[in-house]
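The following account leads through a model of several chains.

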Amino acid sequence: MTEKENTNILVKERDVVVPGEELAQGMDYLPSEGAFRDGEKIVSLRLGLFNLDGRLIKVIPLGGRYIPKKNDTVIGKVSDILFSSWRVDIGWPFDAMVHLREGSREFIPNDADLRKYYNTGDLVVGKIINVSSTKIVDMSLKLPGCRKLGTGRVIEVQPTRVPRIIGKQGSMISMIKESTGCNIIVGQNGTIWISGPDSKKERIAENTIRKIEAEAHSSGLTEKISKFLKENE
Amino acid sequence: MAYEKRFDGRKFDEVREMEAKIGIIERADGSAMFRTGKTIAIAAVYGPRGVFPSFLQNPKKGRLKCTYDLLSFSVTERKRPGPSRRSTEISMVTEHSLAPVLDMTKYSYAGIDLYVYITQADAGTRAAGINAASLALADAGIPMKDLITSIAVGKVSDKIAVDLDKAEEDHEDGATDLPMAMSTRTGEITLLQMDGNMTRAEIKEALEMGKKACEGIKKVQIEALKAKYNGGNKK
Amino acid sequence: MKAYVKSVLDANDRLDGRKFEDSREIEVSYGVSNKAEGSARVKIGKTEVIAGVKMDVGTPYGDSPNRGNLMVGAERLPVANPEFLPGPPNPAAIELARIVDRGIRESGMIDMEKLCIRKGELVWNIIIDIYPMNDDGNLIDASALAAVAALRNAVFPKLVEDKVQWGEFTENKVPLKFIPLTLTVSKIGKHLILDVNKEEEEAVETRLSVSVSEKGNVHAMQKGGEAGLSIEESDKAIGMVIDALSKLRKDLKWN
């Protein structure tokens, strides 16, 4: 049964749907992320894009705060130092925890002064290694790619736009890095760190990212961005 | 004297002209403006975020806290700053009107803060506020089983009417104010208040009229949400 | 980010590429509330503030029997910034209101004697309420401009037998003598800049708000923040404000 013939699906792929909107009827489909079943109907829970994945009905969110997921790379600020762990603010109601043994690729002795490694206010990029059922987040700063970040331009974007900013296999972000000569690290939580040869180039990188954020849904975005970067070179 | 024609010429089941826009406050996680006639409400959502002081944190479910108020210059006689008993009550009923469609168990220990302010008041302020609040919650990406839609129905002199304006509320023969809110998808009423003088049959008639009006208001809400993304379906 | 902001200024640049003496785009509009005697909305970049004027009659103060009264209030609504919480105005909100008040009062903007209805018995009271809607830095300047714009837009309500007819307006505008404008100069490191955005505001060490009327004289000043300011820096700051305001007055076209 193709989508066209199937009258049980009530909306089209990538349609913008709203909370309470009926997406499908009958028992052939299963509600997944962003949808729920109400009797015969499958209904959207959020403002988002309708997506049919096999038999799963999903609504991909268009906005909202970052929700931590295992294996996400995130950028945050060290908010507190406890006896054997650091707390990092990643934009979630609860700070992520970095345990002593996840702090660094070097060995950290038990009696070490944790401030020597990361002090409150430091910006770090790390990886989420676990999210508990009550959404307590464990983070690592010792996996490859994790480190303390030096001075740089830090901007916040909508977490839902991060995939577009990174692009397929990092193609979009690589294009920006090459054109501006900036080092850019993108956190899945919407925090982005930019460090380049001068503030002018960093500004171009920021403006480009903001442009992608604003036009994430439009078609031909890659060409638009490529053109924008060339104009600013 | 019987109320034959409404002061502004509307039909008795007609809602005033509406306007809605989302994302009007850049720093908020979600925000919206909702206008019904000359009543303008703005709503902003911050959350999920931490709840302080910590003894207010609930391990079973998140806390939805609403603060509603009128701005000083939104009414003819200046309203002194600071919460009044009326605004405290409306804050609470607004929370309760939205609670049935929210699953706060997803936000244990955390909270969602909702702020609703009326910048221009011409009756029906709590309804405009709830309409704006639903949009702000949707804009903030908070999962909801449905949008909540609200309108004030009532009785002006001897006629049941929908969306009373200030002039009607002040009608010399008296008026009854019956604010209501509902999830139009399920038909479930989530806000119901009344003050005035109506028979049981009149109340039923008013509620049915209100339900129809809410269906129209919901269309305005949906259009505003989709408009932000240009109607969608762009690859 | 504070260190980064400072390093960008050290390189003679700003985060968004503006010059140190440049403001973001300013937009003024009116008619925020049809219940207010006057109201205005000001946007400076993404910072947005609304202000409204309400008027009432009452007995004058004993020491000014032939003058009306002015009161300016501000509430930092929690909608504008995740760090603002509901509740009575905190010192920052009170300072904001008082800075705006002084700029208006000390410049003689409102002809207070024309607010007198009957000497010693009845005068007009003007109350301005300021509400930030979105905080992207520099609420002080946006608030001061919104309050002044709302006053320019304000008319007297109808008065019948000493009672205000609420909701009925006359065409008589509130009598204004001067238009004070306020700009705040912020110090970051050794740099003085105008109109900070929210990232720059976090790095501000001290700031000086200066109110100037079209006469060219300074009528009010307020230094905020914990760091020091030299006489030279204060003088330079005042000069920056006077220069920037002559340009702003031309742009606003308020004559």
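What share of the contacts in chain B with a separation of 6 or more is accounted for by residues 24 or more positions apart? In this predicted model, such residues account for 71% of those contacts.

The secondary structure of chain B comprises 4 helices and 9 strands. As to overall dimensions, the C-alpha atoms of chain B occupy a box of roughly 55 × 45 × 35 Å along the principal axes. The radius of gyration of chain B is 18 Å, and this agrees with the value near 18 Å that a compact globule of 235 residues would have.

Chain C may be described in the same terms. Chain C contains 5 helices and 12 strands. Its radius of gyration is 19 Å, close to the 18 Å given by the globule rule for 255 residues, so chain C is as compact as a globular protein of that length. The box filled by the C-alpha atoms of chain C, taken along the principal axes, is roughly 65 × 35 × 35 Å. Of the 255 residues in chain C, 46% count as buried. Where contacts in chain C link residues at least 6 apart in sequence, 68% of them join residues at least 24 apart.

Chain A is considered here through its domains and one of its sheets. The domain assignment divides chain A into domain 1 (16-61), domain 2 (73-149) and domain 3 (153-231). Between the C-alpha centres of domain 1 and domain 2 of chain A the distance is 36 Å.

An open sheet in chain A has 4 strands in the order E1-E6-E7-E3, and its pairing is mixed. Why is one side of strand E1 and of strand E3 of chain A left without a neighbour in the sheet? Strand E1 (16-17) and strand E3 (30-31) stand at the edges, and each has a single partner strand, so one side of each has no neighbour there. For E3(A), pairing with strand E7 (residues 56-61) of chain A is in the parallel sense and runs over 2 bridges. At the residue level, Leu30(A) has Leu56(A) as its bridge partner in E7(A).

Technical notes:
Residues are numbered from 1 along each chain as its sequence is written. Chains are lettered from A and ligands numbered from 1 in the order in which they are written. This is a predicted model: local features need pLDDT of at least 70, side-chain atom pairs count only at pLDDT 80 or more; totals for chains, interfaces and linings use all residues. Two strands pair if DSSP finds at least two bridges between them. The radius of gyration is taken over C-alpha atoms; the globule rule is 2.2 Å times the number of residues to the power 0.38. Two residues are in contact if their C-beta atoms, placed from the backbone, lie within 7 Å. A residue is buried if 20 or more other C-beta atoms lie within 10 Å of its own, exposed if 12 or fewer, and partly exposed in between; C-beta atoms are placed from the backbone. Domain bounds come from an automatic or database domain assignment.
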